[in-house]
Amino acid sequence: MNGPSKALFSASPVLEEKLRIRKELLDITNRINAAQNIKQILVDLRDSLLNLFQASSITIYVVDDFHKEIFSLFLAGTQLREIRVPIDSKSIAGFVAKTGKLVNLNDAYDQEEVKAIDPELNFDQNWDKKSGFRTRQVLAAPIYYDGQLMGVIQILNKIGEESFSEEEAGLLLDIAAVLGIAIYNQQRFERRRKTRFDYLVTRDLINEEELEKAWSEARQHKEPIENHLMNRYKISREDIGRALEEFYHCRFIHYSDKAVIPGDLIKNLKRDFLRRELWVPLGKVDGKIHVVVDDPNNILKRDTIENLLKTKQVIYDIALPEDIIKFINLFYLSTDAEHSLTDILERMDEEDSTLEEEEGFEFITESDSVIMQLVNKIINDACSRGASDIHIEPNTGRKNVEIRFRIDGDCSLYQTVPFSYRAAIISRIKIMSNLDITVKRLPQDGKIKFRRPMGEEIELRVASIPTQGGVEDVVMRILAKGETMPIENMALSERNYKELINIIFKPYGMILCVGPTGSGKTTTLHAALSHINRPDRKIWTAEDPVEITQYGLRQVQVQPKIGFDFAAAMRSFLRADPDIIMVGEMRDFETAKIGVEASLTGHLVLSTLHTNSAPETIVRLLDMGIDPLNFSDALLGILAQRLVRTLCKDCKEQYHPSKNEYEEIAASYGRDAFDKLKINYDRNFFLYQPKGCEKCDGTGYKGRMGIHELLIASDNIKQMIQKHESVDALRNKAMEEGMTTLLQDGILKTVQGHTDFKQVRRVCIK
């Protein structure tokens, strides 16, 4: 080979690279134009584009105008998954979609470089946390067709290079132009052939033949097609919802038993009519009535709805027929079949319309049948929904009384009733709980024994409190007779379980369970008593009220109003040959003193106290005047506890936390103690976070569990009690001897995936 030929070939690598790029670009363009659906564009072109740009990751997003988002599809194993990003400045792809600007970053984690592009721009690190992927370079361009945004193409991490070049940025814009035409044509074709479930076909969740077969099978079995797809073809409810949202261009509504009953909207609508027509109003949103319906495109049905509601200001959303019927049943059907809330509100509205407001004069009385029915209905519905508390909250500035239920630790609105009934409702509850209806300026407390329609008897603890504006609030705590929870099911750690079992089998001594109201202290003590409840042991309990009943226990309800308080009950127990005594609460010095003396004279005493932690309980009792020598001899252990919301098992998401999040958890636990657990930060370290699904009403949380702090009264602790040592000294010594604090136990349950750190921090001070 001669000299000039060698020179030509020595210069050819640059030429060859340009030819390679041109050839691959032509191939990609042809494949884009030949794509049968958007899925092929989003998923199947991935490898070719990565090879063209010599990059690690690529995502092509398509605009979803209805949700103001961009979405893409990716393969997770053999399953096609979806990723969605809001069109805003909180992510790079969202920023490109919002502004139409091309972004070329050398380091996405460099805040100065990110903010130099736009002060509002942020890099969303969530995907990196979930996947363990470390984003470095980002090249992202908008996809347009005829001036209309169609999507975004984003490429990550240049292989072997420090950044994407200007030439590659131009190349990306060329590909974006081709993608814009292709996505527009695909969407135009889809609009032409649109059916309710095209979304499922384009996402490869079902093919055309299977969908046709499903229609036929559903008709044959006289079953709604949505139910058939979910049951027979295992299509998720979320994907069915996405398909209906895309087709009808509205929201898909899941049923929730926490929905507020829209009494003013349904009072003139018949239940059977709504069930037949499959629609129901859910409430008002910004002055418009929100209606959920099975077919938002049905013009005749919409005309009927607007005529009945007497307005054109209606927002239509879609729900499955079975969910619409559930909403109707929730709004209309009562646990007391004789009276539905709708009927009650309708009667109240009729009566209210005949009244003339006069200052200082109440037209409705607590003896009116409609008020009695309303209060009964509120209590029955609270029990049916699993509420722990009912809050009746009259307002002075607006004509309504708000009624809220506390369910799983959180309050939610149940219903509002006319303002003119505020005094009658409060008076009716006072009569039921034997309170003085003439006293309105002082707090009162009482109890209601209430029999439900099926014969179940419940008890409610009632507190009335005067509030601003000359009105009274009432809070009713439902004290349903409960079953004893086994101690094995109380989420105790291995160490805490072993130590607790050990001390409850001691023949004498004192065991305390501490925490705020509603933290499950009584449940824990009953679980402990159930574990040691044997025919050869005599067990007395004094409670206020008796919420949990056990066979074999002699249970007494104290009556402070007649002088039969906890101290009096304990004195009587000591004359009744006890082995074990449980006292509901040590509220005062006398009860605590008798408890200590009883535990020193051969009895096992269990009780509760309202303190924040186990070490603080010791100091609190000593400050009350309890003798340190006697108390140190009597004490066996103190269990502090809290309840945290648990993540929904059906929808919780695993993710890889950032290094900062890991360090925060480690610092909260105690760096040295956390290191001993050998929980290292690596790609295998995962936590869980809430997502939200139908079963948890979209909250991501379902149920609660306990976190615990068990201090065992060792010889060292007993000596420190005698010396009246400080809380910090007691805590440090207990931790040296193996105690985990409430926060530490919560962090362990976070790492195990039962809850998240946010919930633990909510209930733990430090």
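This section describes the predicted model of the protein, from its overall composition to selected local features.

The structure is a predicted model in which local features require a pLDDT of at least 70 and side-chain atom pairs count only at pLDDT 80 or more, whereas totals for chains, interfaces and linings use all residues. Residues are numbered from 1 along each chain as its sequence is written, and side-chain values use heavy atoms, with hydrogens and water left out.

The secondary structure of the protein comprises 31 helices and 24 strands; helices (H or I, at least four residues) and strands (E, at least two) are DSSP runs numbered from the N terminus. Of the 766 residues, 48% count as buried, where buried denotes under 20% relative accessible area, exposed over 50%, and partly exposed the range in between (1.4 Å probe, protein chains only). Among contacts with a separation of 6 or more, 63% join residues 24 or more positions apart, a contact being defined by heavy atoms within 4.5 Å.

The average pLDDT of the protein, that is, the predictor's confidence in each residue on a scale from 0 to 100, is 84, and 89% of the residues score at least 70. The pLDDT is below 50 over residues 5-10, a stretch with 2 contacts in the model beyond near neighbours in sequence. It is also below 50 over residues 334-338, where 10 such contacts are present. Where pLDDT is low, the predicted coordinates should not be read in detail.

An open sheet is formed by 6 strands in the order 12-11-10-15-14-13, with antiparallel pairing; two strands are taken to pair if DSSP finds at least two bridges between them. Strand 12 (410-418) and strand 13 (444-451) are the edge strands, each pairing on one side only. Neighbouring strands of this sheet are turned by 20° against each other on average, direction ignored. Axes are lines fitted to C-alpha atoms, for helices over the stretch in contact, and angles run from 0 to 180 degrees between N-to-C directions. Within the sheet, strand 10 (residues 389-394) pairs with strand 15 (residues 471-479) in the antiparallel sense over 4 bridges, and Ile 390 stands opposite Met 476 in strand 15. Helix 19 (residues 422-432) packs on the sheet, where it touches strand 10, strand 11 (400-407), strand 12, strand 13, strand 14 (457-467) and strand 15, and its direction makes about 45° with that of strand 15.

A further antiparallel pairing links strand 1 (residues 55-64) to strand 6 (residues 148-158) through 7 bridges. In this pairing, Gln 154 of strand 6 is the bridge partner of Thr 59. Strand 1 is mostly covered, with 9 of its 10 residues buried.

Helix 10 (residues 208-220) and helix 11 (residues 225-232) have axes that come within 9 Å and cross at roughly 115°. The contact brings Leu 211, Lys 213, Ala 214, Trp 215, Glu 217 and Ala 218 of helix 10 against Ile 225, His 228, Leu 229 and Arg 232 of helix 11. By class, 6 nonpolar, 1 polar and 3 charged residues take part; Ala, Val, Leu, Ile, Met, Phe, Trp, Tyr, Cys and Pro count as nonpolar, Asp, Glu, Lys and Arg as charged, and the others, Gly among them, as polar.

Helix 24 (residues 614-623) is likewise mostly covered, 7 of its 10 residues being buried. These are Ala 614, Pro 615, Thr 617, Ile 618, Val 619, Leu 621 and Leu 622. Just after this helix, Gly 625 adopts a positive phi of about 110°.

Most residues other than glycine have a negative phi. Asp 286, although not a glycine, has a positive phi of about 50°. Asp 286 is located in the loop between strand 7 (279-285) and strand 8 (288-293) and counts as exposed because its relative accessibility is 79%. Lys 678 also has a positive phi, near 60°, and lies in the loop between helix 27 (671-676) and strand 23 (687-689). With a relative accessibility of 68%, Lys 678 counts as exposed.

Lys 659 is found in helix 26 (residues 659-669) and, at 42% relative accessibility, counts as partly exposed. Lys 659 and Asp 682 are 23 residues apart in sequence, with a C-alpha to C-alpha distance of 9.2 Å.
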